[in-house]
Amino acid sequence: MDTNRYLFKATVTIRQGRQATTRSETDLVQFSEQCIEAHLTPLALSCSHSLSYYYPDEDAEMNGVDHVELNLRIERECKRFRSVVDYSQIVRALCDLFDGVGGMHISCILEEPRIISPCLDD
């Protein structure tokens with residue numbers, strides 16, 4: 001019997017390509033909550049988000065014009081490795097589905113699953 005537990009982890013990055021303002025930050029958070037997190041919460045996937053700032057090009061950096069992006073960290077402990085695969089497919093499909101909607105650009109990084117409680121009965 002498999003007593004291993006696996007950790008599913010993914011990071012979804014949402015960019016709007018707009019200059020960082022209170023409004024653009026609010027739009028990113030609302031988009032994440034309504035389009036991505038709303039579908040993951042019923043699956044008991046733990047979500048936390050943070051905003052980060054970047055310069056889209058050299059000119060913006062020289063002029064001090066930064067843009068904002070939202071990083072959504074998703075994780076869940078799974079009893080079966082198959083569940084990690086299922087969650088990976090769901091997160092990837094949501095990113096593909098909502099990429100381009102409302103001018104949002106979404107990318108996803110799926111981390112390699114980790115065994116978090118190995119079977120010690122061998």
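Guide: Start with a definition: a residue is buried under 20% relative accessible area, exposed over 50%, and partly exposed in between, using a 1.4 Å probe and protein chains only. This is a predicted model, where local features need pLDDT of at least 70, side-chain atom pairs count only at pLDDT 80 or more, and totals for chains, interfaces and linings use all residues. Residues are numbered from 1 along each chain as its sequence is written, and side-chain values use heavy atoms, with hydrogens and water left out.

Now find Ser 24. It belongs to helix 1, which covers residues 22–40. Helices (H or I, at least four residues) and strands (E, at least two) are DSSP runs, numbered from the N terminus. Ser 24 has a relative accessible area of 1%, so it counts as buried. Look back along the chain to Ile 14. Ser 24 and Ile 14 are 10 residues apart in sequence. Their C-alpha atoms are separated by 12 Å.

Next, compare another helix. Asp 59 sits in helix 2, residues 58–63. Its relative accessible area is 56%, so Asp 59 is exposed.

Now step back. The protein chain has 122 residues, and 35% of them count as buried. The chain holds three helices and five strands. In sequence order they run β-α-β-α-β-α-β-β. Along its principal axes, the C-alpha trace spans about 60 × 25 × 20 Å.
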